[in-house]
Amino acid sequence: MDDAATTSVNSRVLKAMMPFFTEEYGNPSSQHEIGELARRAIDNARQALAKEINAKPWEIYFTSGATESNNWVFQGLTRVKDNITQDFNLSPLLLKSREYSKRQNRGDINVSCYKYKNKIIISEVEHASVLEPCSFLEKNGYNLIKIQVDKNGFVNLTQLENEIDKNVLVVSVMHVNNVIGTIQDIEAIGMLCKKKGVLFHTDASQSFGKLLIDVRAMNVDLLSAGAHKLGGPKGVGLLYIRDGIDIEPLIYGGGQERGMRGGTENVAGVVGFAMAFDEMKKVNQNKIRVLREYIIQEIEKIGGVINGSRSARLYNNVHASFKGVDGGTLVEFLSQKGIYVSTGSACDSRKEKEDYVLRAIGLSKEAMNSSIRITLPSGVTKEECNAVLRALEKGIRVLRR
């Protein structure tokens, strides 16, 4: 019951991957037959994933996961800016000239020279793989702005609009929160960024393959995602970079991914990523949503309080607090019963590190410490949900006593 942390690899995904470990194991950069087979497999996966989000195949770059993709966004964009400012000690007038003006192929938008853009805007509930690289940049001279969220986890659009000015390099707001499951209005944020003429990035780790994403309609310039949240393998992800955006590589060497990401590609992982997306389309989300609502209702009957939005919430997410119970101890109690839930983000090893999301939505310290997250797997049954609820009720009773 912890699919927001990771999922089991779908059996069809595993079957599609296996030949690239044992038979068609060629290096995609090799010119012989099995190298060409590997290259063709990557190209097919790239085309399939690009089509699913209305992107062009050459706008998709494969990475080791969403964490790398998120880091690439901020380090890549700022490296372009740093390269410009250090180049030959040119005068500001020349830096504004045609050689250094970074015009974007985006109709009415002209994103001027990155030299003059030293402001980064994110929400205060972003994943650590966005927060930490941005904090690093802040220590190195960038102006980092964190937009507040309301009690349901929604970004304050008025504050966001007021903060966007000519100095903004990029705005980054995650599509679905990894702790409380709140679904942001990415289309509205993308439209605002387009109107203001700034780049917009979204971390779609929790939504990719589960919610409809159209990068063109939503005005998304950069998008990060990983495979292991949707029944794919760990260690593979992607970064969508809209055509025309200037960004430096994060990893150099080898010329792979059209010179933008060095290192021999994870062919089996890439194939599994595309297959996992295809398999996710077969999942009965409405069935899971009904079971999720059933769990929420039963949790409320035993005194649990649901955190986050009730309506704009990912279909399999439950986040609740139980007064008088330590969330970490409750997770351990359930684990001993063979039931696996979490206290929040699996990427934060200490509870106090992940509480920033709960603090941002206004939870008290007691509510934060007594909270757990349940995220239902694709094949969940009502019998399993009932088993969880029985163990949960017993655990709360025992721990309160």
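Residue numbers start at 1 in each chain, following the written sequence. In this predicted model, local features need pLDDT of at least 70, side-chain atom pairs count only at pLDDT 80 or more, and totals for chains, interfaces and linings use all residues, while side-chain values use heavy atoms, without hydrogens or water.

**Helix packing**

Helices here are DSSP runs (H or I, at least four residues), numbered from the N terminus. Axes are lines fitted to C-alpha atoms over the stretch in contact, and angles run from 0 to 180 degrees between N-to-C directions.

| Helix pair | Angle | Axes | Crossing |
|---|---|---|---|
| Helix 11 and helix 15 | about 20° | 11 Å apart | right-handed |
| Helix 12 and helix 15 | roughly 130° | within 10 Å | right-handed |
| Helix 3 and helix 10 | about 30° | 9 Å apart | left-handed |

A crossing is left-handed if the near helix is turned anticlockwise from the far one by less than a right angle, and right-handed if clockwise. Angles under 35 degrees count as roughly parallel, over 145 as roughly antiparallel, 65 to 115 as roughly perpendicular and the rest as oblique.

Take helix 11 (residues 285-301) and helix 15 (residues 382-400), which pack at about 20°. Helix 11 is therefore roughly parallel to helix 15. Contact means heavy atoms within 4.5 Å. Helix 11 brings Leu291, Tyr294, Ile295, Glu298 and Ile299, and helix 15 answers with Lys382, Cys385, Asn386, Leu389 and Leu392. That contact has seven nonpolar, one polar and two charged residues. The classes are nonpolar (Ala, Val, Leu, Ile, Met, Phe, Trp, Tyr, Cys and Pro), charged (Asp, Glu, Lys and Arg) and polar (the others, Gly among them).

Helix 12 (residues 327-336) crosses helix 15 at roughly 130°. The two are therefore oblique to each other. Thr329, Leu330, Phe333 and Leu334 of helix 12 touch Ala391, Leu392, Lys394, Gly395, Ile396 and Leu399 of helix 15. This contact divides into seven nonpolar, two polar and one charged.

Helix 3 (residues 33-52) packs against helix 10 at about 30°. So helix 3 runs roughly parallel to helix 10. From helix 3 come Ala38, Ala41, Ile42, Ala45, Leu49 and Glu52; from helix 10 come Val267, Val270, Val271, Phe273, Ala274 and Phe277. The residues are eleven nonpolar, no polar and one charged.

**Pocket and cavity**

On a 1 Å grid over the protein atoms alone, a cavity is a set of points where a 1.4 Å probe fits but cannot get out, and a pocket is an open set with protein on both sides within 12 Å along at least five of seven lines; lining residues have an atom within 4 Å of a point. Points are joined across faces, edges and corners, and a volume is the space filled by probe spheres set on them.

The second largest pocket holds about 260 Å³. Its lining has 20 residues, with Asp3, Thr7, Gly231, Met280 and Ser378 nearest the centre. Helix 10 (residues 267-280) gives the most to this lining, with three residues. The lining splits into nine nonpolar, seven polar and four charged.

The count is one cavity of 30 Å³ or more. The largest cavity holds about 30 Å³. Ala4, Val176, Asn177, Asn178, Gly181, Gln206, Leu314, Asn316, Asn317 and Thr375 line the largest cavity. Three are nonpolar, seven polar and none charged.
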